[in-house]
Amino acid sequence: RQQLKTHFLGQKMQVFPTIPSTNVFAKEEAQQKPENGKVYLAEEQTLGRGRLGRVWSSPKGKTIALSMVLTPEIPPMEASKLTQIVAAAFVEATKNIADVQIKWPNDIVINGKKLCGILTEISAELTQIHYVVIGIGINTNLSFEEMPPDIQEKATSLLQVLGKEIDPNHLIASFLTTFEKYYAAFIATGNYQPTLQICRQHSAVIGKEIYVIQQDSKRLAKAVDIDEKGQLLVQFENEKKTTPIFAGEVSIRGT
Ligand code: BT5
């Protein structure tokens, strides 16, 4: 906390040795009274969640499980931009220690293996966001042996990449400080350019063949770019035109 150089983000912070899920807890509190900038941290999650009800593994003391509550006055449609701002801030916060890439829309990878996952959950009515809870799971000091066998081949950690343990508090402070800077600029002026630039430069998908999974269909496409709205532009097989894909509606498998 002493390392934190933020104005509002994380100035209120709650730390748990163990909890089922920081996102679930943050949502329960926000439902009563959303506190803009409140941060929840846990050393272990016993029921960590990914998107679409998937499981997120956070063994004790080996990963960072962090959730932030935000009350941005933006249209609900724009909430997916927040996921991109988080990803960009993570790239920026780790640039001196690792060469990470963003696997649109919500994964941070190193050499194609997942280091970090982002889960953005919003509570909104029509045009008004009530609150947003953004959860971030980071594999800091998780060794290969400590990973659940089903993710060993597709996940990585900073320990595995760097060959040494890192100080999680330092990374948390650096991430929160960087995120607040991009977030505040975006809220104040709508300026999304710095994020977009990082997301394009550090994309793990642009230029690659991918599968776009929408409802029941799975279609081969080439990822072409990320547009001003944070949507992925893809070119489906045998098509000349590019189609924007909105983060909320697809899963992209394989890069
Ligand atoms: C995500 O979902 O990547 C979002 C993960 C968000 C976790 C944070 S931790 C703090 C907060 N509290 C929560 O309960 N959640 C948030 P998704 O794209 O659906 O990816 C889930 C998939 O990632 C799983 O199906 C596994 O294949 C894989 N996975 C699970 N645990 C992992 C880990 N520790 N490292 C890498 N991959 C993992």
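At 24% relative accessibility, Phe25 counts as partly exposed (buried means under 20% relative accessible area, exposed over 50%, partly exposed in between, with a 1.4 Å probe and protein chains only). The model is predicted, so local features need pLDDT of at least 70 and side-chain atom pairs count only at pLDDT 80 or more, while totals for chains, interfaces and linings use all residues. Residues are numbered from 1 along each chain as its sequence is written, and side-chain values use heavy atoms, with hydrogens and water left out.

**View 1. The ring pair of Phe8 and Tyr183.** Rings of Phe, Tyr and Trp (its six-membered ring) pair if their centres lie within 6.5 Å; planes under 30 degrees apart count as stacked, over 60 as edge-to-face and the rest as tilted. By this rule there are six aromatic pairs. The pair of Phe8 and Tyr183 is tilted, at 6.2 Å centre to centre with 40° between the planes. Phe8 lies in the segment before strand 1 (13-16) and Tyr183 in helix 4 (residues 168-189), so the pair ties together parts that are 175 residues apart in sequence. Helices (H or I, at least four residues) and strands (E, at least two) are DSSP runs, numbered from the N terminus. Phe8 is partly exposed at 25% relative accessibility, whereas Tyr183 is buried at 4%. Ring pairs also link Phe8 and Tyr183 with Phe175 and Phe179 into a cluster.

**View 2. The ring pair of Phe25 and Tyr40.** The ring centres are 5.7 Å apart and the planes stand at 65°, so this pair is edge-to-face. Phe25 belongs to helix 1 (residues 22-32) and Tyr40 to strand 2 (residues 39-42), so parts 15 residues apart in sequence are tied together. Tyr40 is buried, with 2% relative accessibility.

**View 3. Lysine charges over tyrosine rings.** A charge sits over a ring if NZ of Lys or CZ of Arg is within 6 Å of the ring centre and within 35 degrees of the ring normal. The charged end of Lys81 sits over the ring of Tyr192, 4.9 Å from its centre. Lys218 has its charged end over the ring of Tyr211, 4.6 Å from the centre.

**View 4. Helix 2 and helix 5.** The axes of helix 2 (residues 79-93) and helix 5 (residues 193-201) come within 9 Å and cross at roughly 70° (axes are lines fitted to C-alpha atoms, for helices over the stretch in contact, and angles run from 0 to 180 degrees between N-to-C directions). In helix 2, Gln84, Ile85, Ala88, Val91 and Glu92 meet Thr195, Ile198 and Cys199 in helix 5 (contact means heavy atoms within 4.5 Å).
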